[in-house]
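Please read them alongside the coordinates.

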Amino acid sequence: MKSSLHPDSEFLELATWNIGGGILGVSHQRGGTPSPDYYASVLQRHAPDVVCLQEAHDYFGSRESQPHYLARQAGYPHVELFPTSVSHLAGDADFALAVLSRFPITNTVYRQFPNPGRTGTGPDGEPWTLDDKGYLITRIDLGNHEIGLINGHCFPLRHFGACATDPEFAEGWAMLVRDMLTLRKSGPALVAVDLNHDPIEDVLNAALGRGKYLNAFPIGTAVKGAKRDYVLYGPGMRLLSATATASESDHAYRQVRFLVEYSVPDE
C-alpha cells in the first residue's frame, strides 16, 4: 500500500510461520491429520501481504500442495514453492519452503545447507537422519520497486547431539551471511528464518548491525512457540510493529509491518 505521508514509500506486512505439515498440536506428530483450514483462517484474519512458510507439505504433485491451498483460500495470487526433503510426518509428502504474495515473485533460487548426515533420536525415540535444509532467495515486485527476501529453515540440531556453533556447520552459516549481505546491497531486504537456534548472534552476527540487518524480535517473549523464529530487516525498511501470536500449531505466528523507503541510506 502506498504511503500518502511518504510519497516514495510503501507499507508492507510480512508473516512467517513454520506450519509443521499443517498438523495442529505439539510438533513431530507422524500420521497426524492436517488442518489446513485453520492455517487459512489465521492468514485471512491477519491479512499480511507476504507469507513465508516453513515445513509446508507438498504432495509430490498428486494433489494440491498446502501452500497452493492456503494461497487460494486466503487470496494470494502468487506462490513460490521449493521442496527441501521428504517429510517425516507423512509418507506421501515433501517438506517445502514457500512464499505466498499479493505481489509478483521474481528471480527465485534455492540454496541448500551442506548436510553432514548426522543421525539422532526423535522426540518419541525413533531414529532420525538429518534432513536437508536451506533457504529461498527471491524478490517481491511491489510495482515501481522490488524488495529482496530470504525464507529459510535451519537444522534442528538439538535432536542430533550437535550445536549450530559446531565447526562442521560454519560453512552453511557463512553461505547464508554472504547471501544476506549481497541481497541487502541491491535495495531493501527482509530475512524470515526458522533458525532452530538462539541467540541469533551466535551464527549470523556478521550480518547484523547498523547498515546490515536488524532483528524485528530482539527481546524474548513468553508467547508459546515464539522462540527461534526470526524476521530481520535491512536499511530501507522502517519497522512499525512486530507481533508474535500463539497458535494451535507448535510455532507462533509472527507478523511485522514496515514502511519501505526506497532511498536506502549509505552504510
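1. How many bridges join strand S1 to S2, and do they run parallel or antiparallel? The two strands, S1 covering residues 9–18, are joined by 5 bridges and run parallel. Within this pairing, Thr16 stands opposite Cys52 of S2. Note that the model is predicted.

2. S2 also pairs with S4, here in the antiparallel sense and over 7 bridges. S2 is largely enclosed by the rest of the structure, because 9 of its 9 residues are buried.

3. His57 belongs to S2, which spans residues 50–58. Its relative accessible area is 1%, so His57 counts as buried, the cut-off being under 20%. The His57 side chain makes a polar contact of 2.7 Å with the side chain of Ser87. Leaving aside neighbours within four places in sequence, the residues in contact with His57 include Gly21, Ser65, Leu89, Ala90, Ala93, Asp94 and Phe95. Gln66 and Pro67 are also in contact with His57, and both of these are buried residues of helix H2.

4. Helix H2 runs over residues 66–74. Besides Gln66 and Pro67, the buried residues listed for H2 are Tyr69, Leu70, Ala71 and Ala74. An α-helix has 3.6 residues a turn, so residues three or four places apart point the same way. The buried residues of H2 pack against helix H1 (36–46), S2, strand S3 (78–86) and strand S4 (94–101). After H2 comes Gly75, with a positive phi near 85°.

5. How many salt bridges does a search of the whole structure find? The search gives 8. One of them joins the side chains of Glu55 and Lys133, with an N to O distance of 3.7 Å. Glu55 is in strand S2, while Lys133 is in the loop between strand S7 (127–129) and strand S8 (134–141), so the pair ties together parts that are 78 residues apart in sequence. Are the two partners buried or exposed? Glu55 counts as buried at 12% relative accessibility, and Lys133 is buried as well, at 5%.

6. A salt bridge between Asp179 and Arg111 has its closest N and O atoms 3.0 Å apart. Since Asp179 lies in helix H3 (residues 170–185) and Arg111 in strand S5 (residues 105–112), the pair ties together parts that are 68 residues apart in sequence. Asp179 is buried, with a relative accessible area of 13%, whereas Arg111 is partly exposed at 32%.

7. The side chains of Glu64 and Arg72 also meet in a salt bridge, at 2.7 Å from N to O. Glu64 is partly exposed, with 35% relative accessibility.

8. Which residues line the largest cavity? The lining is made up of Phe113, Pro114, Cys154, Phe155, Glu168, Phe169, Gly172 and Trp173. The volume of this largest cavity is about 80 Å³.

9. To sum up S2: this strand is paired with S1 in the parallel sense and with S4 in the antiparallel sense. It holds both His57 and Glu55. His57 has its side-chain polar contact with Ser87, and Glu55 has its salt bridge with Lys133.

Conventions
Residues numbered from 1 in each chain as written. Predicted model: local features only at pLDDT ≥ 70, side-chain atom pairs only at ≥ 80, totals over all residues. Heavy atoms only, no water. Helix = DSSP H or I, 4+ residues; strand = E, 2+ residues; numbered from the N terminus. Buried < 20%, exposed > 50% of the residue type's maximum accessible area, 1.4 Å probe, protein only. Polar contact = N/O pair within 3.5 Å; in protein donor to acceptor, adjacent residues only side chain to side chain. Contact = heavy atoms within 4.5 Å. Pairing = 2+ DSSP bridges. Salt bridge = Lys/Arg side-chain N within 4 Å of Asp/Glu carboxyl O. 1 Å grid on protein atoms, 1.4 Å probe; cavity = no way out; pocket = protein on both sides within 12 Å on 5 of 7 lines; lining within 4 Å. Points joined across faces, edges and corners; volume = space filled by probe spheres on them.
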